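Colleague: I should like to learn how to read a structure of this kind step by step. May we begin with the model itself?

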Protein chains: 2
Amino acid sequence: MSGDQPPPTEAEWLAAYDPHAFTPIAVTVDIVALTLRESADGDTALHVLLVQRAEPPFQGHWALPGGFLRAGEEDLDTAAARELAEETGLHGGGTGSDTAEATLSRVHLEQLGSYGTPARDPRMHVVSVAYLAFAPDLPDPQAGTDAAAAAWHPVAALDLSAGSTATRDPHAPIQLAFDHARILADALDRARAKIEYSPLATAFLGPEFTVPELRAVYEAVWGERLHPGNFHRKVLSVPGFVEPTGRTTDRGGTRGGPRARRYTAGPSRRLHPPLLRPSQEPGPTPEP
Amino acid sequence: MSGDQPPPTEAEWLAAYDPHAFTPIAVTVDIVALTLRESADGDTALHVLLVQRAEPPFQGHWALPGGFLRAGEEDLDTAAARELAEETGLHGGGTGSDTAEATLSRVHLEQLGSYGTPARDPRMHVVSVAYLAFAPDLPDPQAGTDAAAAAWHPVAALDLSAGSTATRDPHAPIQLAFDHARILADALDRARAKIEYSPLATAFLGPEFTVPELRAVYEAVWGERLHPGNFHRKVLSVPGFVEPTGRTTDRGGTRGGPRARRYTAGPSRRLHPPLLRPSQEPGPTPEP
DNA sequence: ACAATAGTGTCTCTGAGACAATATTGT
DNA sequence: ACAATATTGTCTCAGAGACACTATTGT
């Protein structure tokens, strides 16, 4: 009745019953798929799956894999899993390699957030729902029909400054399309925080792994060296994080050392206590 | 070229250039606005802002406030702030009461997640981007043109079971529309975790508050009694969490006690160390 | 006077981190 | 033989929680 607010709200609701009448918005799903691979310098480094755009806008630029949500057909999670399977060439319910299926089923996939600035795509208003994936070392992807190429890129070689002209690293010249640098930066923040309180670091590894391999995951994601002894004891002290298999590796490390015990991921979905990263500066404002 | 994947991906991209050609998807923004209010039994309890639907589907049911994203005009964050201002009657840039403006500017608003199951709205495929708001005690809202009523509801009086037939509390008969029970449950999880590591519990209070008031926020959100002495010392030990004003309350508590010191929110955006809630069961799987 | 509450002090226990030590393996 | 690494042990310190205590205020 006596509303002091403008009436267009009612018109909008009416428009919902004639879906073609209003200005359309597209919904896409983009994937930030992270994995650990051998980098050029020999170290294992964090890599992200990218596709090279074959058409404008941003033709030739690298972008996050993704695609349109199929209207009326699929859930957001389903669309994300489908896109990831298509881009990695690992079809979850397909024929052929059991290895690919088993590997894909071990991939962790979770929603990251949505991005809907009107100008983020010059063609139309596109709302993108971003997903974050933790994957074990997968084979090189094959480019789809809409991409000129698809490959794993070390995240250290990408420019994440995303408009903030401050930190422009000359050694990270690769500019991502759209606002994907921002999305990737958010994904890395989430990943770094997630492995503190969840056992998802094991999603980067195979079904069986050693404590030193798990430590390499944390070191790659956090970008810091961890104390081997303390890390080892801490991981084993968290109930349900890892479970011993009784087996060991076939041989020691490439540079010597005893064989390491092999573990599998435990049933816990939450680490108590958590594995906090060292770089959490305590005092941000020390008075002079 | 030699792609072994089906070509519909290309067709989808072509469709993007003719936006009206494909099956449309609507994008809405829904708000989970939480605040602390005096409950019926006298205790302060967590409340959520709900609107009663005036039209089908779910006519007469209570639902989260929200509305359509204005295509080509606004960002997701902007749309969320607009919806919140409309539903609470607090217009950020309007004329009149400075109090309403100042209060609304103190509201914390963050993206919660997106929900896009095709069948969640019977009219069409709707992707909803949910937002979480922490608000100080606001006046009762006024119903918009599309709602029969708008009010703050104690979350304890709502049915959050959302299909999982397990915990159906007979004293919580209010059923929310659509999948809003699920969204609210996710929002509560987020809120409970968020105040552990961020100073956002202060967003539920006015610009000046006491430590016991802050403790009441934590007790209401977590649903647990906290030790007054330990809580007090812990809050003051976190650098940048609260800052003393030198002032105290005008009088003691309603049932006696000395006057409490007043504080303002400090500059820290992250609590080091965090205020962990007590109910974190360590061993979920004790073997028999 | 009495009860309730704000704020502080003290003690204990757990866990993180620095450091050391030992055993095992590749080169 | 030597270096590198896996794993365990020891010590110290910070922080959480239980408990006790004092001071201040409303009824």
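Colleague: With which residue does Glu208(A) form a salt bridge?

Modeller: Please keep in mind that this is a predicted model. Glu208(A) forms its salt bridge with Arg262(A), and the closest N and O atoms are 2.8 Å apart. The two residues belong to distant parts of the chain: Glu208(A) is in the loop between H4 and strand E8 (209–210) of chain A, whereas Arg262(A) is in strand E10 of chain A, 54 residues apart.

Colleague: Is Glu208(A) buried or exposed, or does it fall in between?

Modeller: Buried means under 20% relative accessible area and exposed means over 50%. Glu208(A) has a relative accessible area of 22%, so it is partly exposed.

Colleague: Which residue forms a salt bridge with Glu196(A)?

Modeller: The partner of Glu196(A) is Arg277(A), with 3.2 Å between the closest N and O atoms. This pair also links distant parts of the chain, as Glu196(A) lies in helix H4 (residues 180–197) of chain A and Arg277(A) in the segment after strand E10 (261–265) of chain A, 81 residues apart. Both Glu196(A) and Arg277(A) are buried.

Colleague: Where do Arg215(B) and Glu219(B) lie?

Modeller: Both are in helix H5 (residues 211–222) of chain B, 4 residues apart, which is about one turn of the helix.

Colleague: How does one check the length of a helix, and what is the span of helix H4 of chain B?

Modeller: One compares the expected span with the distance between the end C-alpha atoms. At 1.5 Å a residue, the 18 residues of helix H4 (residues 180–197) of chain B should span 26 Å, and the end C-alpha atoms are 26 Å apart, so the two values agree. Among the buried residues of H4(B) are His180(B), Leu184(B), Leu188(B) and Tyr197(B).

Colleague: What is the order of the strands in the open sheet of chain B?

Modeller: The order of its 3 strands is E8-E10-E9, with antiparallel pairing. Strand E8 (209–210) and strand E9 (242–248) of chain B stand at the edges with a single partner strand each, so one side of each has no neighbour in the sheet. E8(B) pairs with strand E10 (residues 261–265) of chain B over 2 bridges, and Thr210(B) has Arg262(B) as its bridge partner.

Colleague: Why is strand E5 of chain B described as largely enclosed?

Modeller: One counts the buried residues. In strand E5 (residues 108–115) of chain B, 6 of the 8 residues are buried, so the rest of the structure largely encloses it. E5(B) pairs with strand E6 (residues 126–134) of chain B in the antiparallel sense over 7 bridges, and Gly113(B) stands opposite Ala130(B).

Colleague: Finally, how many residues surround DNA strand D?

Modeller: There are 26, and the closest include His232(A), Arg261(A) and Asn230(B). Of the atoms of DNA strand D within 4 Å of the protein, 73% belong to sugar or phosphate and the rest to bases. Some contacts involve bases: a polar side-chain atom of Arg233(A) lies 3.3 Å from a base oxygen of DNA strand D.

Terms used
Residues numbered from 1 in each chain as written. Chains lettered and ligands numbered in written order. Predicted model: local features only at pLDDT ≥ 70, side-chain atom pairs only at ≥ 80, totals over all residues. Heavy atoms only, no water. Buried < 20%, exposed > 50% of the residue type's maximum accessible area, 1.4 Å probe, protein only. Pairing = 2+ DSSP bridges. Expected span 1.5 Å × (residues − 1). Near = heavy atom within 4 Å. Polar contact = N/O pair within 3.5 Å; in protein donor to acceptor, adjacent residues only side chain to side chain. Salt bridge = Lys/Arg side-chain N within 4 Å of Asp/Glu carboxyl O.
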